[in-house]
Amino acid sequence: MGFKYGAKQTHSYKLGSSSGGVSGVSARWVAVFCIVSFCFGVIFINRFGISSIRIKVDEKQKQQVDHVIECENEDSKDILSQVSHTHDVIMTLDKTISSLETELASARSAKRPESSNQHQKYFFVMGIMTAFSSRRRRESIRETWMPQGKDLLRLEKEKGIIIRFVIGHSATSGGLLDDAIDIEDKQHQDFLRLNHVEGYHELSSKTQIYFSTAAAKWDADFYIKVDDDVHINLGMIGSTLLRHRSKPRVYIGCMKSGPVLAQKGVKYHEPEYWKFGEDGNKYFRHATGQIYAISKDLATFISVNRNILHKYANEDVSLGSWFIGLDVEHVDDRSLCCQTPPDCEWKTQAGNMCAASFDWSCSGICKSVERMKDVHKFLKSMITWWKVMNACGVHESMNLLGSFDCCEFGF
């Protein structure tokens, strides 16, 4: 028993030396200490280490961002400066191109006259706006103030005055209406045919095409538009234009500023009335549509810019709008809007001859086919009276045609 017990105790001690006693307790605490140290280290790094790292990273990123912003600001300033410079260059080029286009169009106009009139300079071109239905109006003009046949040719060659009836084409090309004009033109040779489809609501377009075509066909100082129910005194027209011959950009007519008509269905209704301000406003100053004249530079301007010039419902408003903003002299000449007799009688007796006569109430001579001859006869008597009172032809308008007698050409 004793032996067994002693042996047992010895065995128990050996076991204790390897796994029990103080050494066993120390191993467990070491493990606990390691775990606690690890947790403490994690907490310390999270609170202090990562924060400082983040601060350093944030400061570095901020410096980089500030640098990028500064670069972008400098780049933006450079870009804005380049854009501004480019814009200035473009504007300069636009002005240069516009000037060159005007000069080119003017040069082309001088190089494209009629084959029989090459290199000839003309005084003025008068285009009489007419329609397919206005045959009798044309005849009344041919029988009164417009020279015919050889006299018309002499007026062109010796005095540089071109007079033509202006008309386009019908919607049906080669139809009866066009054939009738061709026959009439073959008889009188006094038409200017336009590349234009006739229509009442296309008068602005017709006017634009007329000036472009006339400027390309004849190199003249002035281009005139007149309606086919207006009586013209060619001598006084010439006298009026002579006073403005030295001016490069001149727009001559009876200037007016009528109301903008917004109501649908009324004559001269303006669909774009809202562009002119509030109801009751008036148009800008422009020449009345019965007759007006423009200088060569303005006709060339219309030709060069014909694709971008806006056209309003009324052609006289359209023409006036094309010159707004340009350095153009507007000449208000009341001799271009005389009433029919007895108004012209009073003007003649006062020393003011009429250049153009019509009735405001009709926007032309009322019943012009029937009355054109009477108006012409009366005005011829006034000219005769004037010549007698001024010792036979002292006034410059009577001598405009030189050796031609005024009555021979309808004055």
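The model is predicted, with local features needing pLDDT of at least 70 and side-chain atom pairs counting only at pLDDT 80 or more, while totals for chains, interfaces and linings use all residues. Residues are numbered from 1 along each chain as its sequence is written, and side-chain values use heavy atoms, with hydrogens and water left out.

User: In what order do the strands of the open sheet run?
Analyst: Strands here are DSSP E runs of at least two residues, and helices are H or I runs of at least four, numbered from the N terminus. Two strands pair if DSSP finds at least two bridges between them. The open sheet has 7 strands with mixed pairing, and the order is β3-β2-β1-β4-β7-β6-β8.

User: Which strands sit at the edges?
Analyst: An edge strand pairs on one side only. Neighbouring strands of the sheet are turned by 25° against each other on average, direction ignored. The edges are β3 (191–197) and β8 (329–332).

User: Is β1 mostly covered or exposed, and how many of its residues are buried?
Analyst: Buried means under 20% relative accessible area, exposed means over 50%, and partly exposed is in between, with a 1.4 Å probe and protein chains only. β1 runs parallel to β4, with 7 bridges, and parallel to β2, with 6 bridges. β1 is mostly covered, and the buried count is 8 of 8.

User: What is the bridge partner of G127 in β4?
Analyst: G127 pairs across to β4, a strand that β1 joins in parallel. On the β2 side, M129 has V166 as its bridge partner.

User: How do β6 and β7 run, parallel or antiparallel?
Analyst: Strand β6 covers residues 250–256 and β7 covers 286–295, with 5 bridges joining them. One of the bridge pairs is Y251 with I294. The two strands run antiparallel.

User: What angle does helix α6 make with β3?
Analyst: Angles run from 0 to 180 degrees between N-to-C directions, using axes fitted to C-alpha atoms, for helices over the stretch in contact. Helix α6 (residues 203–217) lies across β1, β2, β3, β4 and β7. Its angle to β3 is about 130°.

User: Which strands does helix α8 touch?
Analyst: Contact means heavy atoms within 4.5 Å. Helix α8 (residues 296–304) packs on the sheet, and its direction makes about 105° with that of β7. The strands touched are β4, β6 and β7.

User: Why are α3 and α5 called roughly parallel?
Analyst: Two packed helices are described by the angle between their axes and the distance between the axes. The axes of α3 (residues 135–142) and α5 (residues 176–188) come within 13 Å and cross at roughly 10°. Angles under 35 degrees count as roughly parallel, over 145 as roughly antiparallel, 65 to 115 as roughly perpendicular and the rest as oblique. The two helices are therefore roughly parallel.

User: Which residues of α5 does α3 meet?
Analyst: From α3 come R135, R138, E139 and R142. The contact residues divide into 1 nonpolar, 2 polar and 5 charged, where Ala, Val, Leu, Ile, Met, Phe, Trp, Tyr, Cys and Pro count as nonpolar, Asp, Glu, Lys and Arg as charged, and the others, Gly among them, as polar. On the α5 side they are I181, E184, Q187 and H188.

User: How many residues are in the largest nonpolar core?
Analyst: A nonpolar core is a set of buried Ala, Val, Leu, Ile, Met, Phe, Trp, Tyr and Cys residues joined through side-chain atoms within 4.5 Å. Those with the most contacts inside it include F124, M126 and W145. A second, separate core has 27 residues, V125 and M255 among them. The count for the largest core is 42.

User: Where is Q189, and what is its phi?
Analyst: Q189 lies in the loop between α5 and β3 and is exposed, with a relative accessible area of 59%. Most residues other than glycine have a negative phi. For Q189 the phi is positive, near 55°.
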